[in-house]
Amino acid sequence: MSGSVVATRIGTGISSSISPNISPSIEIVEVGPRDGLQSEARVLPTDTKVEFVRRLVNAGLRRIEVASFVNPKRVPQMADAEAVLAALKVGPSARYIGLVLNRKGFDRALAAGCAEVGMAIAASETFSQRNQGCSVNEGVDAWLEIAAAARAAGVRAQITISTAFGCPFEGELPATRVRELALRLAEGQPDEMAVADTIGVAVPTQVTEVVSQLREAIPSARLRAHFHNTRNTGLANAYAAIQAGVRALDASCGGIGGCPFAPAATGNIPTEDLIYMLHRMGCDTGVDLSALLETSRWLQEELEHPVPGMVVKAGLFPAPRI
Ligand code: MG
């Protein structure tokens, strides 16, 4: 059949052409309002952030990282986390995720009404010290405590292994180190475990290796992956991840983002570019790509600069039928 119907919404073209290794349904976790906006020099007003999230929900995104509960002196872009969550209690909804790095952040996220918390632990000791101000072991202890508290509170808790493919300070990290850390983190029974290429250095063969090791070590884990497009390998890595069995991918609208503590890190993989690829492959994401592109254009206006995404510039193919 023609692939033309696949390009719009719900995977009408699911199919024949898709590899048997790839799930026909891939979940997108939109991280633009957090990972994206935290790197912007311009701090968007709370109302604009809330409108951004609403537009994403209206485009069909159902899991959105909307804030981080970290020290506002270190990340001033996220200082209004509570206000954003409070405003989102009204209107159409999605599962809103708050990023936390310690127990204090978790308590704030819980009080703010997050339905899901995400925590990140670095595979690299140096990155852990610089980004989170604690050792990897201290981070693991904090995660185990937070995971138990989240379960008791009925909040979903997921864990991300950051710098899983390389560290700006330590360089290459062996996949076995990620595997060992994952096994310790699994003791917290996370609802999902993610590997993050925090600084955008991964290549697809490495993704295949790391994901395969995690699937072998923790077969029951639901896996997610988080890529940055710093060296233009983001989409290739996303393809390798889903081919290796990952069911959920982080992406940011327009491809905005980075990491304020990772030198030269640039944006996440652009959500529109990822969804364009997935839909044309026959995967379903539940997202209306045309509506998402409108959001990306709106975001460029609000940020007062072009976003890195490419589909927003090139447009859809085939052109949507009116
Ligand atoms: Mg990131």
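**Salt bridges and helix packing**

Let's start with Glu145. Its relative accessibility is 41%, so Glu145 counts as partly exposed. One caution before I go on: this is a predicted model.

What does Glu145 pair with? Its side chain meets that of Arg103 in a salt bridge, 2.9 Å from N to O. This pair links distant parts of the chain. Arg103 sits in helix α4, residues 103–112. Glu145 sits in helix α6, residues 136–153. They are 42 residues apart. Arg103 has 33% relative accessibility, so this residue is partly exposed too.

Next, a pair inside one helix. Arg55 and Glu51 form a salt bridge through their side chains, at 3.0 Å from N to O. Why can they face each other? They are 4 residues apart in helix α2, residues 46–58, so about one helical turn separates them. An α-helix has 3.6 residues a turn, so positions three or four apart point the same way. Both ends are partly exposed: Arg55 has a relative accessible area of 27%, and Glu51 comes out at 33%.

Arg177 is partly exposed at 30% relative accessibility. Glu170 is also at 30%, and partly exposed.

How many salt bridges does the whole structure hold? The search finds 17. There is a network as well. It links Glu27, Arg63, Arg95, Glu116, Glu192, Arg222, Arg224 and Asp250.

Now helix packing. Take α7, residues 175–185, against α8. Their axes come within 9 Å and cross at roughly 35°. The crossing is right-handed. On the α7 side, the contact uses Ala175, Thr176, Val178, Arg179, Ala182 and Leu183. Across from them, α8 brings Glu209, Val210, Gln213, Leu214, Glu216 and Ala217. By class, that contact has 7 nonpolar, 2 polar and 3 charged residues.

α8 turns up again around helix α9, residues 234–243. Which α9 residues are buried? Gly234, Asn237, Ala238, Ala240, Ala241 and Ile242. What covers them? The cover includes α8 (204–217) and α10 (271–281), along with strands β6 (192–197), β7 (223–227) and β8 (248–251).

One backbone detail to finish. Gly245 follows α9, and its phi is positive, near 115°.

Conventions:
Residues are numbered from 1 along each chain as its sequence is written. This is a predicted model: local features need pLDDT of at least 70, side-chain atom pairs count only at pLDDT 80 or more; totals for chains, interfaces and linings use all residues. Side-chain values use heavy atoms; hydrogens and water are left out. Buried means under 20% relative accessible area, exposed over 50%, partly exposed in between (1.4 Å probe, protein chains only). Helices (H or I, at least four residues) and strands (E, at least two) are DSSP runs, numbered from the N terminus. Contact means heavy atoms within 4.5 Å. Axes are lines fitted to C-alpha atoms, for helices over the stretch in contact, and angles run from 0 to 180 degrees between N-to-C directions. A crossing is left-handed if the near helix is turned anticlockwise from the far one by less than a right angle, and right-handed if clockwise. Ala, Val, Leu, Ile, Met, Phe, Trp, Tyr, Cys and Pro count as nonpolar, Asp, Glu, Lys and Arg as charged, and the others, Gly among them, as polar. A salt bridge is a side-chain nitrogen of Lys or Arg within 4 Å of a carboxyl oxygen of Asp or Glu.
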